[in-house]
Amino acid sequence: KRYLLSLEPDRFLNRFHLNAGLPVKGAIYGGWESKQVSGFSLGHYLSAMAMLYATTDDTEIKTKIDYSINELKRCQDARGTGYVGGIPNEDQLWNEIAAGDIRKRYGYGYLNDVWVPWYTQHKLFAGLLDVYLYTGNEQAKTIVVNMANWICEKFKNLTETQWQLMLSCEFGGMNDVLYNLYALTGESKYLQMAEKFYHHAVLDPLEASQDQLVGLHANTQVPKVIGISRNYELSGSKRDSTIANFFWETVVHDHSYCIGGLTNHEHFHQPHDLSEQLSNQTAETCITYNMLKLTRHLFAHKADAKYMDYYEKALYNHILASQNPNNGMICYYVPLVPGGKKQFSAPDDFWCCVGTGMENHVKYGEEIYSYGENNELYVNLFIASELDWKAINMKVRQETNFPNSDQSQLKITCSAPQKATLKIRYPSWVASGFAVKINGKKQIITGVPGSYIAINRKWKNGDIVEINLPKTLWKEALLGDKHKTAFFYGPLVLAGDIQPGKTSPVFLNNNTPLPEWIIRENDNTLAFHTKDGFPYNINLAPFYQKYETNYTVYFDCFTPKKWVEIKDEYIKEQEIQLEIKRSTLDYFRPNEQQQEIDHNFSATNLGRGRIFTRQWCDAGNGGYLSIDMKVNPDLPVFLRLTYWGDDGGNRQFDILIDDEVIASEQLTGGIHPNAFFEISYPIPLHLTKGNNKVTVKLQAKPNNTAGSIFGARMYVQDANTPIGR
């Protein structure tokens with residue numbers, strides 16, 4: 001709340017005022033707001049503030065919301081078309097698209113040289129709808145209706161082929177907000193427009209229950225499926241139910257880490273195999289924000305405890321773990337590489353996960369309870385809260401210190417007895433001892449972990465329900481690596497502090513029961529210490545408590561016999577990884593949206609593809625590849641490029657640093673058959689001295705191709721070690 005109230009609406013509105021020809025009232029915020037997606041943060045801000053107002057009834061919050069809406073309406077009125085936005089050169093962009101001039105730039109996230117414009121508009125739509133729903137501001141609804149009418153009219157002549165080409169650029173959840181607007185207004189044109197945002201290339205394989213997610217930018221896909229799920233609620237479409245359920249099951253079980261998050265460098269990798277996908281850029285927080293949205297929809301379709309088991313796992317171990325409680329700042333990624341450390345935002349610096357983070361941390365009240373038919377109340381999460389169940393004039397107050405405690409208590413308040421069914425989640429992580437008492441009397445439990453316990457009775461004022469949720473230690477292996485293990489205590493992932501530059505301990509035992517070598521300090525704390533660690537033992541605590549230290553979540557575990565076999569090779573590999581981490585200044589991975597944006601990637605005659613799990617790019621017919629990379633202004637640096645051993649035939653190119661040729665290369669094929677290999681290029685000191693960044697360019701010779709490259713690393717010494725392991 002303190003963070004949100006510190007933000008200034010006029011700074012978010014900078015380009016809205018500018019584009020509408022009105023006086024600018026505040027300097028634009030930094031980060032993405034100062035780039036081509038300006039305006040996206042305003043949408044998140046409005047959603048967060050609306051939900052915060054619904055929680056607190058704080059008039060200062062409402063005043064800021066109403067001011068923002070009034071200013072947006074001024075901008076919309078000044079433009080006179082129904083459209084309102086803060087995207088640079090937006091009028092030219094939308095006019096080109098409406099005329100059928102739809103171009104994909106070399107970067108995946110660009111549409112006609114503008115970065116994700118529909119994504120930006122989706123955030124504004126969603127924020128305005130949330131303001132209307134949570135605060136009753138009719139003007140917010142009017143703005144949305146005007147914008148939707150503009151879309152329906154502006155793009156009415158686009159063909160299906162043109163729509164699908166446009167949808168290959170990230171568009172957020174435009175289908176979702178249009179379905180929601182249809183639900184609010186009953187206007188069929190909004191339903192028809194929502195259907196036009198159906199992206200066949202991604203959704204058709206899901207309808208056929210095929211996992212073709214590998215290589216896709218994950219957060220581009222989840223909002224599409226949220227919209228599909230919303231349409232199922234409106235239409236009962238079997239197609240949409242199939243898509244939403246298959247996607248959720250596939251992502252949760254085949255692509256997720258122990259914290260409930262997913263992706264490395266924002267992209268899907270091979271299902272069932274994350275063995276080489278632990279880095280400083282795992283688990284983008286935006287994706288889990290959207291996965292929780294999707295989970296809420298699916299639980300509404302079918303009240304299965306598996307959805308709330310996942311929801312709780314991701315809420316505690318990713319969402320809660322993504323905020324620094326000292327200052328409210330947010331993580332973009334939640335690193336799961338051994339020895340990783342979270343990097344938090346700055347107050348005036350905005351990117352996607354800051355936007356979703358504004359919302360994440362004001363809505364912990366969501367999904368604690370759900371209600372169903374016939375006066376059913378689902379108690380999904382064990383969070384201290386009070387529910388005013390107005391439909392039957394009953395209040396339910398949950399008092400708990402969970403997860404520090406194993407108990408939760410529900411207190412019933414009602415003016416007259418009410419017949420209702422309490423459905424209390426029996427979490428899948430409870431191994432034994434789950435118990436429920438009503439007014440001190442123990443109830444017979446017939447359910448199993450991963451289900452709901454139904455208690456149907458006439459509830460009286462003063463009734464008390466006591467729930468016992470004993471937590472135990474258990475483990476979960478990383479997908480694709482049975483030896484790399486995360487440890488849980490109940491729903492909580494445990495992590496250990498690691499000194500910077502030090503390897504994580506290895507645990508050696510013959511599958512000894514966890515409580516014998518992961519020892520809880522006492523009954524009043526969630527702190528643990530280990531035995532059987534090599535070369536040292538470690539203290540463990542809930543992962544969400546780690547926000548200013550280096551830590552490890554996944555630990556290698558071997559039997560003593562196996563350790564004897566692999567020890568020397570294992571230690572050598574750890575030393576290599578430490579050297580890579582120590583020496584690397586910057587790393588570029590092709591074909592990944594954020595990597596290309598962060599490195600100012602550009603190209604001509606661009607080619608893209610994948611070999612095994614690694615992606616490549618090249619520039620054919622005399623073209624070029626260009627990226628900006630960090631360097632050390634005081635020390636000699638080296639550029640290391642990764643190639644494919646079978647690439648050959650007219651692949652001659654120069655390597656330039658800031659337009660000066662430092663090397664010429666020719667890929668001939670056959671020297672490293674069916675394997676990746678790497679070459680280091682020393683960069684003359686005069687090109688880096690005093691600079692923090694240089695432009696690396698691969699320029700193909702006439703009628704030749706530059707690359708392919710599978711990665712570029714800038715580092716401070718010529719360490720003969722592989723990259724991108």
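**View 1. Buried residues make up 58% of the 725 residues in the chain of this predicted model.** The chain as a whole exposes about 28,600 Å², and carbon and sulfur atoms supply 47% of that area. If you follow contacts between residues at least 6 apart in sequence, you will find that 70% join residues at least 24 apart.

**View 2. The chain holds 20 helices and 36 strands.** Its radius of gyration is 27 Å, close to the 27 Å that the globule rule gives for 725 residues, so the chain is as compact as a globular protein of that length. The C-alpha trace spans about 85 × 75 × 45 Å along its principal axes.

**View 3. Helix α6, residues 90–98, has a set of buried residues.** Here you can pick out Glu90, Leu93, Trp94, Glu96 and Ile97, each of them buried. These residues cover an arc of only 160 degrees around the axis, which puts them on the same side of α6. An α-helix has 3.6 residues a turn, so residues three or four places apart point the same way. Just after α6 comes Gly100, with a positive phi of about 85 degrees.

**View 4. Leu133, Tyr134 and Leu184 make a nonpolar surface patch.** The patch amounts to about 260 Å². One of its members, Leu184, belongs to helix α10, which runs over residues 174–185. Is Leu184 buried, partly exposed or exposed? With a relative accessible area of 32%, Leu184 is partly exposed, because that label covers values between the 20% limit for buried and the 50% limit for exposed.

Methods:
Residues are numbered from 1 along each chain as its sequence is written. This is a predicted model: local features need pLDDT of at least 70, side-chain atom pairs count only at pLDDT 80 or more; totals for chains, interfaces and linings use all residues. Side-chain values use heavy atoms; hydrogens and water are left out. Patches are made of residues with over 30% relative accessible area and no salt bridge: like charges are joined within 9 Å, nonpolar side chains (Val, Leu, Ile, Met, Phe, Trp, Tyr) within 5 Å. Accessible areas come from the Shrake-Rupley method with a 1.4 Å probe; for residues, only the protein chains shown count as cover. A salt bridge is a side-chain nitrogen of Lys or Arg within 4 Å of a carboxyl oxygen of Asp or Glu. Helices (H or I, at least four residues) and strands (E, at least two) are DSSP runs, numbered from the N terminus. Buried means under 20% relative accessible area, exposed over 50%, partly exposed in between (1.4 Å probe, protein chains only). The radius of gyration is taken over C-alpha atoms; the globule rule is 2.2 Å times the number of residues to the power 0.38. Contact means heavy atoms within 4.5 Å. The arc is that of the directions from the helix axis to the C-beta atoms.
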